[in-house]
Amino acid sequence: MLNEDKIKLMANISMFENHQKKYISLVTRYFKSDYISRNLLRAFFGYTLCWALGFLLVILYRAEGIFASMDFAALQEQAVRYGKYYVAGLVCYLLIALIVSVRRYNRGLKEQKIYIAKLRRLEKRYEFQNRTKELGKEVRRHDRNAGI
């Protein structure tokens, strides 16, 4: 016989799992430090690549002026200034990536705890149903032996 409460609980767990799968899987696959390090490395390489492409576009846009002057002292000064912009932007971007990574991991921990609690509740329902079936069998067996 179907138990409506268990069916609703299983459907609820299934929907929860589908919606929160990406957060729960983060927690199960990585330790917190590994997950954060991975995301910081991705952010570093992504920012560096984007910055290098942008810097290349600026150089190509200003190529005529750069090659016309050929003042190495001025070029070196600009390179140092752009390097400082890169480092400042990188630090800001990595701080943002750190905050986002920590929050995502913490959310995954929270969602995983909720998921496990729901699974335990379902398991208790099954245990309760199995115990009542076993008790019912024992009562019927006892009644047959007693001649009732």
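I take buried as under 20% relative accessible area, exposed as over 50%, and partly exposed as in between (1.4 Å probe, protein chains only).

I note that this is a predicted model, in which local features need pLDDT of at least 70, side-chain atom pairs count only at pLDDT 80 or more, and totals for chains, interfaces and linings use all residues. Residues are numbered from 1 along each chain as its sequence is written, and side-chain values use heavy atoms, with hydrogens and water left out.

Entry: helix α2. I take helices as DSSP runs (H or I, at least four residues), numbered from the N terminus. I looked up α2, residues 32-61, and its end C-alpha atoms are 43 Å apart. The 30 residues should span 44 Å at 1.5 Å a residue, which agrees; the expected span is 1.5 Å times one less than the number of residues. I found Y35, I36, N39, A43 and Y47 as the buried residues of α2.

Entry: L49. I found L49 in helix α2. L49 counts as exposed because its relative accessible area is 54%.

Entry: F16 and E111. I placed F16 in helix α1, residues 4-29, and E111 in helix α4, residues 72-146. F16 counts as buried because its relative accessibility is 13%; E111 counts as buried at 8%. The two are 95 residues apart along the chain, yet I read 9.0 Å between their C-alpha atoms. I take contact as heavy atoms within 4.5 Å. Not counting residues up to four places away in sequence, F16 touches I24, E111, I114, Y115 and K118. With neighbours within four places left aside, E111 is in contact with F16, Q20, Y23 and I24.

Terms used
Helices (H or I, at least four residues) and strands (E, at least two) are DSSP runs, numbered from the N terminus.
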